[in-house]
Amino acid sequence: MATKRSVGTLGEADLKGKKVFVRADLNVPLDDAQKITDDTRIRASVPTIKFLLEKGAKVILASHLGRPKGVTPKYSLKPLVPRLSELLGVEVVMANDCIGEEVEKLVAALPEGGVLLLENVRFYKEEEKNEPEFAKKLASVADLYVNDAFGTAHRAHASTEGVTKYLKPAVAGFLMQKELDYLVGAVANPKKPFAAIVGGSKVSTKIGVIESLLAKVDILILGGGMIYTFYKAQGYSVGKSLVEEDKLELATSLIEKAKAKGVSLLLPTDIVVADKFAADAESKIVPATAIPDDWMGLDVGPDATKTFNEALDTTQTIIWNGPMGVFEFPKFAAGTEAIAKKLAELTTTKGVTTIIGGGDSVAAVEKAGLADKMSHISTGGGASLELLEGKTLPGVLALDDA
Ligand SMILES: Nc1ncnc2c1ncn2[C@@H]1O[C@H](COP(=O)(O)OP(=O)(O)O)[C@@H](O)[C@H]1O
Ligand SMILES: O=C(OP(=O)(O)O)[C@H](O)COP(=O)(O)O
């Protein structure tokens, strides 16, 4: 199935006085004191909500937080109210529930330009089970539905999918649209040459992405923990590096597929090896063909980085998913940082389209302080991975066509 991209969006519809159910992904990390440690997802949700408020709509805002089993105070959305209010410039009202009488009363009292934040929809098991009666209750308080929760669009839950059966129109918010434009649009019709950089820990979690991208890219750069399975498949010894023994044949077939499709597949030529998996491990740089026994590869080496940079210099579009090494340990972060720096440079000086596909690569870009230099940084890890694999997301599929 082709990935759906043309969804209905917030146009010039008369929104004045309308009760709009907005599903956002406000699943932000909180520390032990319930303080928000990264508000990216809240900030990313602001343009859609502000637009609705400026049009005189009444916004009923829903999200999940974490993976609670039943009502769990630790997963309440209450700690988000001050930051949301500050970013939106209105006093956000908080409900103690996401359905029921109190919610109905608060909605009835909501002024035009007002925001009511519902409590965590996952406090009900019916949310993840996508139960129609629960979806109907969520829908009952509003006149139309806007899904801006890209990070949760791969889940067919009541507030992301079921609700659209009872609430029309059901359209995408600006964040959802932007994510689809980049992760589907720019990938389907890239300015060429088009390169993909895929890293992360395991081949098994990235097979779908690699296979799908092989049909589209000119250059495929591989890094991270998955490369040792490729090396082993080619007969190199890899010491104690991460290897998925049951994926050796698959690695060989991916190398052959790349060849058959004329894709330039770049595996690192040198590796930073460590004597143990630890931040304070002893380390040294070795050729990829000469990883010593008892050592493990934790980052790509400087020669590899140089080759990657030269290849990236020739491109117009780059998509990146997964770090090049164990970037959480400063000693093994250089390969990942170099990619982040290169992409930032190419975006700002050459107008190359750079897309960071969620998850740990986003964390790496943020750690390097380069987040605002990329063309697009996805707010969804799992969702962006599924989109890049060519899957259609249930939360997108459920929206009205454009
Ligand atoms: N050489 C390696 N050996 C072991 N783990 C690695 C290696 N390179 C990267 N990793 C780990 O891979 C993890 C990220 O993998 P993954 O979740 O697949 O990426 P993403 O979240 O970007 O999709 C990081 O925690 C990183 O430490
Ligand atoms: O954080 C999220 O996903 P991500 O970690 O894959 O980016 C989303 O809020 C979805 O959460 P879920 O994976 O508990 O359904």
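User: Which residues is Lys206 in contact with, leaving aside its neighbours within four places in sequence?

Analyst: Two residues are in contact if their C-beta atoms, placed from the backbone, lie within 7 Å. Leaving aside its neighbours within four places in sequence, Lys206 is in contact with Val198, Gly200, Met226 and Gly322. This is a predicted model, in which local features need pLDDT of at least 70 and side-chain atom pairs count only at pLDDT 80 or more, while totals for chains, interfaces and linings use all residues. Residues are numbered from 1 along each chain as its sequence is written, and chains are lettered from A and ligands numbered from 1 in the order in which they are written.

User: Where does Lys206 lie, and is Lys206 buried or exposed?

Analyst: A residue is buried if 20 or more other C-beta atoms lie within 10 Å of its own, exposed if 12 or fewer, and partly exposed in between. Lys206 counts as buried because it has 22 C-beta neighbours inside 10 Å. Its place is the loop between strand E7 (194-198) and helix H7 (207-214), where helices (H or I, at least four residues) and strands (E, at least two) are DSSP runs, numbered from the N terminus.

User: At which residues does UniProt place the feature "binding site" together with Lys206?

Analyst: The unreviewed UniProt entry places this feature at Lys206, Glu328, Gly358, Gly359, Asp360 and Ser361, although such annotations may be inferred rather than shown by experiment. Glu328 is in the loop between strand E13 (317-321) and helix H11 (334-350), and with 14 C-beta neighbours inside 10 Å it counts as partly exposed.

User: Which residues are closest to ligand 1?

Analyst: A residue is near a molecule if its C-beta atom, placed from the backbone, lies within 6 Å of it. Ligand 1 is surrounded by 18 residues, the closest being Gly200, Ser201, Gly225, Gly359 and Asp360. Strand E12 (296-300) and helix H12 (360-367) are the elements that give two or more residues to this shell.

User: Which residues of H12 are buried, and on which side of H12 are they?

Analyst: An α-helix has 3.6 residues a turn, so residues three or four places apart point the same way. In H12, the buried residues are Ser361, Val362, Ala364 and Val365. They are on the same side of H12 because they cover an arc of only 160° around the axis, the arc being that of the directions from the helix axis to the C-beta atoms. The buried residues of H12 pack against E13, H11, strand E14 (353-356) and strand E15 (376-377).

User: What does the shell around ligand 2 draw from each domain?

Analyst: Domain bounds come from an automatic or database domain assignment, and here the protein is divided into domain 1 (7-177) and domain 2 (190-389). The shell around ligand 2 draws at least three residues from each of these domains; among its residues are Asp25, Arg67, Arg155 and Gly358.

User: Where is Arg155 found, and is Arg155 buried or exposed?

Analyst: Arg155 is found in the loop between strand E5 (144-147) and strand E6 (170-172), and it counts as buried because it has 21 C-beta neighbours inside 10 Å. The unreviewed UniProt entry also places a "binding site" feature at Arg41, Arg122 and Arg155. Arg122 is likewise buried, with 25 other C-beta atoms within 10 Å.
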